Amino acid sequence: MRDRLRGAGFARAATALITAGLLLGAVPITSQTQTYRAPRTADGKPDLNGIWQALNTANWDIQDHAARPGPVAQLGAAFSVPAGRGVVEGNEIPYRPEAAARKQENAAKWLSLDPEVKCYLPGVPRATYMPYPFQIFQSRESILIAYEFAGAARTITMDGKQKSPSDTWMGWSIGHWEGDTLVVDVTSFNDQTWFDRAGNFHSDALHVVERYTPISPDALDYEVTIEDPKVFSRPWKMRMPLYRRLEKDAQVLEYMCVEFTEELLYGPLRKQPSK
């Protein structure tokens, strides 16, 4: 009996030690995320300079999705859709009923309607999680983000005094700092861009608020709030990590895809079909 009690006591002690070890082991991860202090620029702000890229399947579908065949059967697995976890908070996009019907139509006619297929500018936030890198150039007065896809670029103005002259594909970006977080308020969009290849879309009333927070030397936490009263019944959020490209020769290369779409866009206008 004494041996059994001794054994039971040892088991309880071992369990307590293991549990304590697991709890202690979890502390540095949480603490590191909360207390990480990014390197500073000359004006004392977090240094976001560098080449970054999202590593997810959000450009296919920002919600949870299973793997499925691609749009061209002859390509087999070469253009099939990979499975992926969504980046939408709660995995729900609060479409208004009439907008939900349009989203389904977009998805069904993706190859003919998606602006990406035609090499149009990708818009915000889609430019961030397309499968291409982008580079941040940071100064005191403004921050430039250069995207590889279609040579897209935008300037984030930090003084907030200038106004957008017109609606555009990439919107009008005004930034400010909240501690170590770069907050970017983006307005003045046209209604021509999508959020992904699954047909998720917006109107010209789109309002985007982005938050870039350094969480390690080589990662940013990217959170974006979407508001569009013409399309959605309430604001909703996406969130994902962005990773620094660490190759010694990393650079954003030229991907001017316009020339790849000329036949698609203008081929039907030829007097004589191309051979």
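**Exercise 1. Classify Leu 75 by accessibility, and find which nonpolar surface patch includes Leu 75.**

Solution. Step 1: Leu 75 has a relative accessible area of 45%. Step 2: the classes are buried (under 20% relative accessible area), exposed (over 50%) and partly exposed (in between), with a 1.4 Å probe and protein chains only. Leu 75 is therefore partly exposed. Step 3: Leu 75 sits in the loop between β1 and α2; helices (H or I, at least four residues) and strands (E, at least two) are DSSP runs, numbered from the N terminus. Step 4: together with Val 72, Phe 79 and Leu 111, Leu 75 makes a nonpolar surface patch of about 300 Å². Patch residues have over 30% relative accessible area and no salt bridge, and nonpolar side chains (Val, Leu, Ile, Met, Phe, Trp, Tyr) are joined within 5 Å. A salt bridge is a side-chain nitrogen of Lys or Arg within 4 Å of a carboxyl oxygen of Asp or Glu. Areas come from the Shrake-Rupley method with a 1.4 Å probe.

The model is predicted: local features need pLDDT of at least 70, side-chain atom pairs count only at pLDDT 80 or more, and totals for chains, interfaces and linings use all residues. Residues are numbered from 1 along each chain as its sequence is written, and side-chain values use heavy atoms, without hydrogens and water.

**Exercise 2. Describe the surroundings of Asn 59.**

Solution. Step 1: Asn 59 is in the loop between β1 (50-54) and α2 (97-108). Step 2: its relative accessibility is 4%, so Asn 59 counts as buried. Step 3: contact means heavy atoms within 4.5 Å. Beyond its neighbours within four places in sequence, Asn 59 is in contact with residues including Tyr 129, Met 130, Asp 196 and Arg 197. Step 4: a polar contact is a pair of N or O atoms within 3.5 Å, one able to donate a hydrogen and the other to accept it within protein; residues adjacent in sequence count only if both atoms are side-chain atoms. The Asn 59 side chain has such contacts with the side chains of Arg 126, at 2.8 Å, and Glu 116, at 3.3 Å.

**Exercise 3. Determine how β9 (residues 236-244) pairs with β1 and with β8.**

Solution. Step 1: two strands pair if DSSP finds at least two bridges between them. Step 2: β1 and β9 pair in the antiparallel sense over three bridges, and Trp 52 stands opposite Arg 244. Step 3: β8 (residues 219-227) is joined to β9 by eight bridges, again antiparallel; Thr 225 has Lys 237 as its bridge partner.

Conventions. Patch = residues over 30% accessible without salt bridge, like charges linked within 9 Å, V, L, I, M, F, W, Y side chains within 5 Å.
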